[in-house]
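Here are my notes on the model that you asked me to look over. I have set them out as numbered points, so that each can be checked against the coordinates.

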Amino acid sequence: MLTYILKRIAQTIFTAFLATASVFVLLRLAPGDPAASYAPPNPTAAQLAAIRRQFGLDQPIPVQFWTFLTRLLHGDVGTSFFFKRPALQVVMERLPYTITLAVAAILVTALVAIPLGVWMARNANTAPELGANVGTIAGQSMPDFWIGFVLLIVFAVNLGWFAPAGFDSMASIVLPTVTIAILQIALISRLVRREMVANLNAPYLTVARSRGVSERRLIWSHAFGNSAIPVVTALGTRFAAMLNGVVIVEVVFKWPGVGELVVNALQQRDFPLIQATVLVTVVLALLVQLAVDLLYPLMDPRVRLGEASA
Amino acid sequence: MTATAPANEAPVPMEDRASAVTARLRRRSAAARRARYSTIKIWVGAICAGVVVVPVALARVLPLPDPIVGKLTESSVPPLSPGHLLGTDPNGRDLLSRVLHGGQTSLIIGLLAIVVSGVVGIVAGAAAGYFGGWVDMVVSRLLEAQLSLPLLLMLLLVVGLFGPSIIVITAVIAFAQWPEPARITRALVLVEREKPYVAASRVLGLNRASIIARHVIPNILQQVLVVVLLLLAQAVLLESALSFLGAGVQRPYPTWGGIISDGRELFVLGKWWLVTVPGIVIALLVVGVNLLGDGLRDRTRRSKVAS
């Protein structure tokens, strides 16, 4: 168990390194002068050169990367060109907004998708279920930014129930959450249905029913208990992906999270800020994945971490 | 008391009642119903997709106003106006024409992307599944690594780097999509390579490349192609998302995501059609492709069970 965790942490560090390195190289190859975004308007060539020297942008890329890595070990990801503050600090200020949104979205998803999927499995291949099935297909077929705009047009502009953008009060979280949840509910409920159909037809369920186990227990404790691992895995993966930035939804709703931050940083060629965002979100996403994997033995005592899964 | 007992008894559930309908017949009827539903899905899907694809394919033939140069006298006309079925944008450009011409770009990118990702995915997945060993390890690690990277951000970076040409956007979408066919192909090939016909062709002295290409892949192609078809839906969505974030084919050439992105500041002013109409078109196409793929997948699964 301990070796398993250590191995996974080593993997996490390696993947984070991979992501950081590829972003680093891509950024250096990209056209556009980052010094220009730090400089005052209409800079002279001497000013630009001074800025490049200050941030080490005149060095060869391998040297820049080495400097970056050694500083990283001291917890220093660099100073944001745009905010002129430590990049890590800027990211950390935005992170709570993204986490709040991701948690709200995943909770709503789980609360709707699991009962919906179970209902669909119990009524598999009936007319109402076909309707729900088509509904979930429609749910995963709409562009998320478009769902966001339609919700804004209806609920913010026409009905005036919510502020059209940004973060004013806790009510502002409703529309972005719904936007994210529509797609996720569609995906997760279909997974729940597939798993539950397999378990509902399994012989062990017939045995349990013949022993007089109540229908509620049959469904939730027996069948769903055995469907839980893939469902929790999927929820965990989705949650981790959201931490990587619900970029589009944050842009649509001007939600002050890391996704919105990183899109602006890309446009301003704010290298340190992009690096910091990628690093923080990738590590966070990997930790969520690790936590989900550590839950497996709790859900299914047959699972021994690090043996069969290796 | 005893006389009323039957009335108080809970009604016997349908499944447990003795009747001439045996469990076997009921299974058959469920299977028949499933088959019917998959046919319904295939037809509804084909119609939804066709409603979008056919006019888009004919966009250059249909008598439409120019999608790039508009008449400023007809600025922001609402839908269902004479001459402009879906209205116009603030530059007086006909929305129907823009949506259909934009659809050509979006569909070409989507089709090219799934061809590339399908070929790469099938080749990589088949090699990993058939050879195993270090080939499998390399492919599987690549798949895992890609899953843990912030994909959309990487795609935005690459488009920013190489410029938003059709080739770059296609490559980027194909890169995002190759894991799906690769994983499916690998799983199917793992099962397939243990079958007797593979051993037989090995005994006959065929080399490994031709066993994979001429014997294994044709046997799994049907199932993989359904997955690739479903990727078309994802490709169209991804392309529109990139366009929306400004990393799509550039103005003035219309794309679906671009039209929505242009309209986003305007719906506050009541010009709702610039956002809603292209979104409905995207959704219609993607629902169509998804339903079609889903129905076909149900059907291939069933024929596999039957055989």
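1. Two residues are taken to be in contact if their C-beta atoms, placed from the backbone, lie within 7 Å. On that basis the contact between the chains draws 36 residues from chain A and 36 residues from chain B. On the side of chain A that touches chain B, helix 1 (2-29), helix 6 (127-139), helix 7 (144-158), helix 11 (247-252), helix 12 (258-267) and helix 13 (271-299) of chain A each supply at least two residues; helices here (H or I, at least four residues) and strands (E, at least two) are DSSP runs, numbered from the N terminus. By class, that side of chain A holds 29 nonpolar, seven polar and no charged residues, where Ala, Val, Leu, Ile, Met, Phe, Trp, Tyr, Cys and Pro count as nonpolar, Asp, Glu, Lys and Arg as charged, and the others, Gly among them, as polar.

2. Please keep in mind that this is a predicted model, in which local features need pLDDT of at least 70 and side-chain atom pairs count only at pLDDT 80 or more, while totals for chains, interfaces and linings use all residues. Residues are numbered from 1 along each chain as its sequence is written, and chains are lettered from A, and ligands numbered from 1, in the order in which they are written. For chain A the mean pLDDT (the predictor's confidence in each residue, from 0 to 100) is 83, and 95% of the residues reach 70 or more. Within chain A, helix 2 (residues 34-38) has the lowest confidence, at a mean of 69, whereas helix 5 has the highest, at 92.

3. On the overall fold, chain A has 13 helices and zero strands, and chain B has eleven helices and zero strands. The C-alpha trace of chain A spans about 85 × 55 × 30 Å along its principal axes. Buried residues account for 38% of the 310 residues of chain A and for 43% of the 307 residues of chain B; a residue is buried if 20 or more other C-beta atoms lie within 10 Å of its own, exposed if 12 or fewer, and partly exposed in between, with C-beta atoms placed from the backbone. Among contacts between residues at least 6 apart in sequence, those joining residues at least 24 apart make up 73% in chain A and 70% in chain B.

4. Leaving aside neighbours within four places in sequence, B:Ile173 is in contact with B:Ile109, B:Ala113, B:Ala235, B:Leu238 and B:Glu239.

5. Helix 5 (residues 151-162) of chain B deserves a look. Its buried residues are B:Leu152, B:Leu153, B:Leu155, B:Leu156, B:Leu157, B:Val159 and B:Gly160, and what covers them includes helix 1, helix 11, helix 12 and helix 13 of chain A, together with helix 6 (166-177) and helix 9 of chain B. Just after this helix, B:Gly163 takes a positive phi of about 85°.

6. How many of the 14 residues of helix 7 of chain B are buried? Ten are, so this helix is largely enclosed by the rest of the structure; among them are B:Glu180, B:Arg186 and B:Glu192.

7. A:Lys84, in the loop between helix 4 (61-73) and helix 5 (87-122) of chain A, has a positive phi of about 55° although it is not a glycine, and it counts as exposed, with 9 C-beta neighbours inside 10 Å. A:Lys254, in the loop between helix 11 and helix 12 of chain A, has a phi near 50°, again positive in a residue other than glycine, but A:Lys254 is partly exposed, with 14 other C-beta atoms within 10 Å.

8. In chain B, B:Gly248 lies in the loop between helix 9 and helix 10 (256-263) and is buried, with 26 other C-beta atoms within 10 Å. Not counting residues up to four places away in sequence, B:Gly248 touches residues including B:Pro164, B:Ile169, B:Glu239 and B:Leu242.
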